[in-house]
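Thanks, everyone. Let me put the model up, and then we'll walk through it.

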4 protein chains.
Amino acid sequence: MANSKYAYVRNFELPDPLLPGCYLICRLDGHSFHRFSEEHAFVKPNDERALKLIDHAAKDLMSEYKDIILAFGESDEFSFLLRKSTNLYNRRQAKILTTLTSYFTSCYVFHWPQYFPDTPLRYPPSFDGRIVLYPDERAIRDYFSWRQADTHINNLYNTVFWALVQQGGQTTTEAHATLRGTFSAQKHELLFQRFQVNYNEISARFKKGSVIVRELLNEPEDVTATLELEPVTTRGEETIRAPPKRKEKRKPKTTIEILHCDIIGDEFWQARPHLLAS
Amino acid sequence: MANSKYAYVRNFELPDPLLPGCYLICRLDGHSFHRFSEEHAFVKPNDERALKLIDHAAKDLMSEYKDIILAFGESDEFSFLLRKSTNLYNRRQAKILTTLTSYFTSCYVFHWPQYFPDTPLRYPPSFDGRIVLYPDERAIRDYFSWRQADTHINNLYNTVFWALVQQGGQTTTEAHATLRGTFSAQKHELLFQRFQVNYNEISARFKKGSVIVRELLNEPEDVTATLELEPVTTRGEETIRAPPKRKEKRKPKTTIEILHCDIIGDEFWQARPHLLAS
Amino acid sequence: MANSKYAYVRNFELPDPLLPGCYLICRLDGHSFHRFSEEHAFVKPNDERALKLIDHAAKDLMSEYKDIILAFGESDEFSFLLRKSTNLYNRRQAKILTTLTSYFTSCYVFHWPQYFPDTPLRYPPSFDGRIVLYPDERAIRDYFSWRQADTHINNLYNTVFWALVQQGGQTTTEAHATLRGTFSAQKHELLFQRFQVNYNEISARFKKGSVIVRELLNEPEDVTATLELEPVTTRGEETIRAPPKRKEKRKPKTTIEILHCDIIGDEFWQARPHLLAS
Amino acid sequence: MANSKYAYVRNFELPDPLLPGCYLICRLDGHSFHRFSEEHAFVKPNDERALKLIDHAAKDLMSEYKDIILAFGESDEFSFLLRKSTNLYNRRQAKILTTLTSYFTSCYVFHWPQYFPDTPLRYPPSFDGRIVLYPDERAIRDYFSWRQADTHINNLYNTVFWALVQQGGQTTTEAHATLRGTFSAQKHELLFQRFQVNYNEISARFKKGSVIVRELLNEPEDVTATLELEPVTTRGEETIRAPPKRKEKRKPKTTIEILHCDIIGDEFWQARPHLLAS
């Protein structure tokens, strides 16, 4: 940048480093997606194309940024966990936050035609984002439990709501009234009695959301001890190993998987101790 | 969001309001655009299609966010001025920053085929962003002077550099060597003597960058006194006036113009006192 | 500090620079001074000794920190204005804030016996503090108007309240009830009718609070143009000029004065243009 | 405060909450204590009166603020550990920081005559402070190890340095030269050979610094499980138990002890699991 007499204005740019030793969670949310889903005729209560598209954007982001080790998505939101020791962009808050938000948005628009071949984008969608610091594993576990519990509650409600509207002939106002004050068990019962739908048989993608995890590939035991993950370059589904740098610890091979499993219980985490390791 | 026992994790989200009474400048920069411009065969030293594309994204952003009253762009960067009294998203920093970054990125990808009909995007481009607070008009003037001086310096250098390479047959290393230590006048002379190029006749778009300004349309004098700008809805080139809300001060009609003019001198600013008014 | 293997813990200390180009106001408030004034038998509604003591501490702070150009105090609080361009401690927030708070507290305890020779301190008093940034002169003017208007309102109330209690024989509960909902004019009237007190004749110190200002001493005109104030060393009332540094602009001589005048109107400020100059 | 038309200036006061779930360390440092110790003729290399005075101020601070569970001091600095879950002043940074700094300063000045009966204060001493967040126990352990290692290194150096000056007749310049590049073992040897001083026999207060810890008093086991410490009111050495509030868990009795022991090893911490418990 020009080293002119005006360059003093850079002094107004203040440092914004994030506290070391904390996990980072970056959560992105669709901006005005209620309208966006209407305008693009998303299927209710869940549009599988839209969900697969946002998963794709999330997976691309994880391929590009190795310090993201886990992501969870539902509807038009996605949360990304960066490992505690990440030094991405020297932990500068605005730089990390905007880079992730921008690349995710770009991937979403870029891949749109692949998932909506017959529905051209009518206008550019956008997302907002924030980074939250969490000091310990307990909070991280509870954060992801919070999002998945939210997925469950929303999806059960929406499933019954849209059944009442689409199959039961209720207006949306009537459907809300029908559901007001009902408990979870009552919603299950209503679904089954009136619409012969067993909620448990609904797609795990809808009930559990999307869990995108950086998995360690099977390797000699001592390798899993090193926490620095391999700098791979991924484009789409294909993963290219970077040539190993000299003098560097050998890093474990990893792969990025999309799952629709429970992450509230212990099983998921116990099987992947590297996620919360420091 | 689920009001579950996990919801306490929201307590880790800290407030981030921006200081009132200051101008906000949001600057976006292309992420790894050196590689991006190579991969998409941008014309050197200036690719008019790419510049018009980024201008379009910037104009869209200003159409969507009325509190942006001025923007300046060059190459793969754009700076947006939000008026001092903006209360966009209650001045929450991350919200403003990510929303602007995301929408701008989305517009860039969305409009790509219009400017590069024969060059499909090979991968999703992205931008990083930051918001800087400036307390007074002097700093705002100097900020924009800083960016436009930078445009001038870069463009003169690049114009001569690529002439040496493309027409003079030098390697890029030789061209850098040729230019090392030369003053502005020498570069002008070199351009003219060896390549018969009069720098002053080069497109203003390249020499001055792009100035996108929210102009007040001519109206009765008392109206220009109110600083709140009209909530218009714009999509592409078309501008639709929103129906006036009741009990609201009549707001001045505005339009968004793309210029390639000097903004270092006083003329531009004196003709538009509303830009820096409080 | 030890350059040991533990020194990495310094990395958790994050930078906290204050935005340049803004005025700083540091406001200190007595901590639990209701109890403190009871325990040390402060005279009600105003204890002149206590007010002179806190003025002394404030003046000492201004003598020690040249970038404080104005202070305003009432009761157990004091606000200090640091000039816009101050570079005290590189504008590090915690450093400035704690140093001012600590020195002010220390001066208060140090000078206590001079103002309360017969009342030993029963326990250590303390103050809390905060720094607020203000981007322009208007906000600074309004800040000081806010504090002086507060002084006026509180002092009028307290003056009548304690007259009702001390001379009128009311309980404090009764006195509050008497005053509930009364306007300013009614309070004046009540004071005059029942207690023959003309509020306007009350000490300006009580009605206006304390204004401590760094005054420029009369000097050739061109000097007042330079805004950097002279690095004097002051202890108590005596002012020692520092020897002039080489190559440095001659700085204006200043003195620190305690006034009890109006600072809401323009007169005070127009007579001292250096206070808000940039 | 006056609810006048000026009250909008409060909008410039921005929130500054500290991240939950992190330990807080508040470190206070004497401001220009090199000069202060000269002016008040502190004994070199260690002035026991000054050390006892600063310990007294630190202990007073812990008596007043129950969430401080540990402190470590050396020379003119003191670090205070607030427990992870503290909600003191709603974790507002400036409020906590200034209140602690101010009260500590006040105690230091207040108790001065008790420790320096024949040396009146010549001017008010002051301290600066900062709060640093630490996310986990490891960092807290390392923080205190860092300070105590620093104490050891400084004290060994100063002990030999002042022996060379006071007993060996060297100038301070010569003494620094003598010590340049020497290792710890050489300093021990030099002390012993030339001055017959066995460093290990030097007072633990000088070698280890001051460790001030809130100890749990022996009580039935179940009580130690509750982490909230008892709201006692302490003034000087006397401790008064507050009357128990209704419906509140019984809190463990605590006492504040000053020790001069090792805190780098595990023993100290293993004996006091409540210090780092969450």
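Which residue of chain A forms a salt bridge with B:Lys95? The partner is A:Asp128, and the closest N and O atoms are 2.5 Å apart. Keep in mind that this is a predicted model. In total, 4 salt bridges are counted between chain B and chain A.

Now the polar side of that interface. There are 16 residue pairs in polar contact between chain B and chain A, with both residues at pLDDT 80 or more. On chain B, helix H3 (93-115), strand S4 (127-134) and helix H4 (137-166) each supply at least two residues of the side that touches chain A. H3(B) gives the most, with 13 residues. Sorted by class, that side of chain B has 30 nonpolar, 11 polar and 14 charged residues.

Next, the extent of the contact. Chain B puts in 55 residues, and chain A puts in 55 residues. Together the two chains bury about 4600 Å², with 65% of it on carbon and sulfur atoms. On the chain B side, B:Tyr6, B:Pro124 and B:Trp146 lose the most area to chain A. Those three account together for 15% of what that side buries.

Let's turn to the Asp128 of chain B. B:Asp128 sits in strand S4 of chain B. Is B:Asp128 buried or exposed? Its relative accessibility is 4%, so B:Asp128 counts as buried. Its side chain makes a polar contact of 2.9 Å with the side chain of B:Arg130.

Last topic, the annotation. Which residues does UniProt list for "binding site" in chain A? The unreviewed entry gives A:Asp29, A:Gly30 and A:Asp76. They span 48 residues in sequence, but no two of their C-alpha atoms are more than 5.9 Å apart, so they gather at one spot.

Take A:Asp29. This residue is in strand S1 (residues 23-30) of chain A. A:Asp29 is buried, at 13% relative accessible area.

Then A:Asp76. A:Asp76 is in the loop between strand S2 (68-74) and strand S3 (77-82) of chain A. Beyond four places in sequence, A:Asp76 touches A:Asp29 and A:Gly30, with A:Phe33, A:Ile54 and A:Phe127 also among its contacts.

That's the tour. Over to you.

Note on methods. Residues are numbered from 1 along each chain as its sequence is written. Chains are lettered from A and ligands numbered from 1 in the order in which they are written. This is a predicted model: local features need pLDDT of at least 70, side-chain atom pairs count only at pLDDT 80 or more; totals for chains, interfaces and linings use all residues. Side-chain values use heavy atoms; hydrogens and water are left out. Contact means heavy atoms within 4.5 Å. Buried area is the accessible area (1.4 Å probe) that two parts lose on being put together, summed over both. A salt bridge is a side-chain nitrogen of Lys or Arg within 4 Å of a carboxyl oxygen of Asp or Glu. A polar contact is a pair of N or O atoms within 3.5 Å; within protein, one must be able to donate a hydrogen and the other to accept it, and residues adjacent in sequence count only if both atoms are side-chain atoms. Helices (H or I, at least four residues) and strands (E, at least two) are DSSP runs, numbered from the N terminus. Ala, Val, Leu, Ile, Met, Phe, Trp, Tyr, Cys and Pro count as nonpolar, Asp, Glu, Lys and Arg as charged, and the others, Gly among them, as polar. Buried means under 20% relative accessible area, exposed over 50%, partly exposed in between (1.4 Å probe, protein chains only). UniProt positions are given in the numbering used here, feature names are shortened, and annotations may be inferred rather than shown by experiment.
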